[in-house]
Amino acid sequence: MAHASVASLMRTIESLLTSNSPMQSLICDHREELCALREKVGSLEVFVKNFEKNNVFGEMTELEVEAQERLFDSLHQGGEDIDRIWKESTKIQDKTNVMNFQWFKIFQCFMIFQWFNIFQWFNKTSKKYTNVKKIIVGRDDQRERLLNDLTTGYSGEPKVIPIVGMGGIGKTTLAKEVYNHDSILRRFDVHAWATVSQQHNRKEILLGLLESTIKMDDMVKTRGEAELADMLQKSLKRKRYLIVLDDIWSSYYADTENLSLRMNFMDQDESWNLFKSTAFSNEALPSEFETIGKQIAKKCHGLPLTIVVVAGLLKSKRAIEYWKGVAKDVTLFVTNDPDKQGSRVLGLSYDHLTSDLKTCLLHFGIFSEDSEIPAKNLMRSWMAEGFLNLENDLEGEAEKYLKELVDRCLVIVCKKSLDRTKVRSCKVHDLIYDLCVREIQRKNIFIMNDIVLDLSDSECQSISMHQMQTFKRVTVDETDNCCYGLYRAILTPILNLIWLRYLSLLSRQNLDIPPEICKLWNLQTFIVQGPGPSVEITFTEEIWGLMQLRHLKVSKFYLPNPSSISADKGSHMGFSNIQTISYLSLDCCTNEVILGIQNVKELGIRGKKIDSNASAKAFPATLKKLKLGDTYISWSYLDIIAELPNLEVLKLMPNACLGNKWYPNARGFTRLKILLIEDRFLKYWKATDDNFPVLERLVLRRCSHLEEIPIEFADIHTLQLIEF
């Protein structure tokens, strides 16, 4: 989107003018020009945002045309400003500034690239602007028939019940409702769900089903399809099981009892009830809205996806004129052709989104179809694009955008956090995914801002710095069986991408991250994925130079002490913006490291060394979520952790604690809401409500030897759920 490009450019200029970037010596020489450029880009950002907000169908007033022409001239002037700064910078002859000069050259290329994207959008719009808990309502008969087919009349043979119908008719919604029905949960020993889709991976489907039948480990994931299929078959023997395969594109069912269920369109009453429950929820319904709402629902021709998307568009709107406008737009977009209807109405809903929400939604198109996307990965991808306001809480702003897309029924929530307040993973409907892909291809979005390197692909080994210099997000895939020299050869050009904000690596061997990592001074998210804690990543002290870093996620890594930044030995470099760190090796949790991450909100620790004389000051006071694994600390050490003033979530993973008795001594955990314990050795646990005064959720996993939960937990008035 044009606004995303303008906003990203604006954030880049602001970052240059306000941060201690490696180019400060050059920036100082051209601060006046860059400030003037910031003013022009700021005006452009306001115009584009308002234009995209107020001109859904491209109807421009004479005043807007005039304003566009003035800003079009400003684009040319801005380009000339960049060119003049560049030409003056080429006069630099001081060899000591060679590195700064190289970085500035990359900066100029990046600015021109962003400017070209904006210019290209204005050039097109100057010539032509193209017009542009799930709610369950109805389906009672079909739901009852499915429940009856699944719970009665078993003949001893596998029973297959295909649910068929056009996209958006509600097949998955109906299946999920039946899948989670109490009678189904009681009847079947095994419940498993897998999404197939058109481009499917058999191995991933088998692994997904096996997760519901056996205890998974890393070795299972390395096995072939035939062996996985055999494991699945054996795990289901002598069990009553229900398996749902969603989004199947084949109609061949061999040797089964076929009980096909065809879903039809909703009638007018069902359509109105679904529309009303989505748009108004529990609110009172004014009569004037009911009249227009029924007209809109009728025009959706009984397609549930169309109904909920249009209703989601109106959910937060209570202006009657706006509803009348949407009713008119629906008439223009809805067609009697059911194959085209869903996609056209989705296009209507997309056009009514704000610029930022459009950009957020389109990101779903860069993930695999039907994939369940971790919400954190999605939101960090949004942050990498640079259109979120740097002055705001980036994570909070991203969560707000995701919630709005969910409220508009454009995004499906797959999993929620333990406290049920945040989205853990999500996906979009096939029709919405197709819309995202079409828009990405039509507008050439993300193609130049995202790259995935597969080290098994010989082509990626020859990628040049010129090809990569404008990328903001890089994923390096599959480094197993890759020699360190080749890995460094691939990593070297990446370490020159000074505008990179998101870097994800996958390694199955120990890695030493080179000191050149400090060049990535814009990096916000750094991820190194591996098969488990056996792979350790080591950083040099230069890692502390990443002043913009917000999320550092590695299976296990060693972080050295930060270097001093003044003569005062107590003053060290640090990650001032850090939000998430996992998993930090316990043997590097020194006072200097803790001071360097003192703003962290979520922390994961792995290791086998602990200071028996430590206090709560050994952890950052800002900590809200702490996860421990393989730390082998004594249960009594948790009395120290209990003193953390802001801790809300504590997860004790396998081998976090040593021993079989936990007797908390002091009043603590004053803000702890969620406690998860996964420990097969814990046997005796004595505690009172004073130890966990505001606990809301207790999760016990694999605590097979635990004799009982402390009876005093009944006195914790805030406790809502105990989960096994």
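Student: Which residue follows H13, and is its phi positive or negative?
Tutor: His301 follows H13, and its phi is positive, near 55 degrees. Keep in mind that this is a predicted model.

Student: What should H13 span, at 1.5 Å a residue?
Tutor: H13 covers residues 287-299, which is 13 residues, so it should span 18 Å. The C-alpha atoms at its ends are 19 Å apart, which agrees.

Student: Which residues of H13 are buried?
Tutor: Phe289, Ile292, Gly293, Ile296 and Ala297. Around the axis they cover an arc of only 140 degrees, so they sit on the same side of H13.

Student: And what does the face turned away from the buried side carry?
Tutor: That face of H13 has the exposed residues Ser287 and Lys298.

Student: New topic. How many residues are in the largest nonpolar core?
Tutor: It has 70 residues. Phe526, Ile641, Trp685 and Phe692 have the most contacts inside it.

Student: What is Ile641 in contact with, leaving aside neighbours within four places in sequence?
Tutor: Phe619, Leu626, Leu628, Ile633, Leu647 and Phe669. There is also a second, separate core of 56 residues, which includes Ile296, Tyr350, Leu357 and Tyr433. Ile296 is one of the buried residues of H13.

Student: Now charges. How many salt bridges does the count come to?
Tutor: The count is 16. Side chains of opposite charge can pair when their charged atoms come close.

Student: Which residue does Arg143 form a salt bridge with?
Tutor: Asp140, with the closest N and O atoms 2.3 Å apart.

Student: Is Arg143 buried or exposed?
Tutor: Arg143 is buried, at 13% relative accessible area. Asp140 counts as partly exposed, because its relative accessibility is 44%.

Student: What about Glu536, where does that one lie?
Tutor: Glu536 meets Lys556 in a salt bridge, 3.8 Å from N to O. Glu536 lies in the loop between strand E14 (525-529) and strand E15 (537-538), and Lys556 is in strand E16 (residues 551-558), so the pair ties together parts 20 residues apart in sequence. Glu536 is partly exposed at 26% relative accessible area, while Lys556 counts as buried at 19%.

Notes
Residues numbered from 1 in each chain as written. Predicted model: local features only at pLDDT ≥ 70, side-chain atom pairs only at ≥ 80, totals over all residues. Heavy atoms only, no water. Helix = DSSP H or I, 4+ residues; strand = E, 2+ residues; numbered from the N terminus. Expected span 1.5 Å × (residues − 1). Buried < 20%, exposed > 50% of the residue type's maximum accessible area, 1.4 Å probe, protein only. Arc of directions from axis to C-beta. Core = buried A, V, L, I, M, F, W, Y, C linked by side-chain atoms within 4.5 Å. Contact = heavy atoms within 4.5 Å. Salt bridge = Lys/Arg side-chain N within 4 Å of Asp/Glu carboxyl O.
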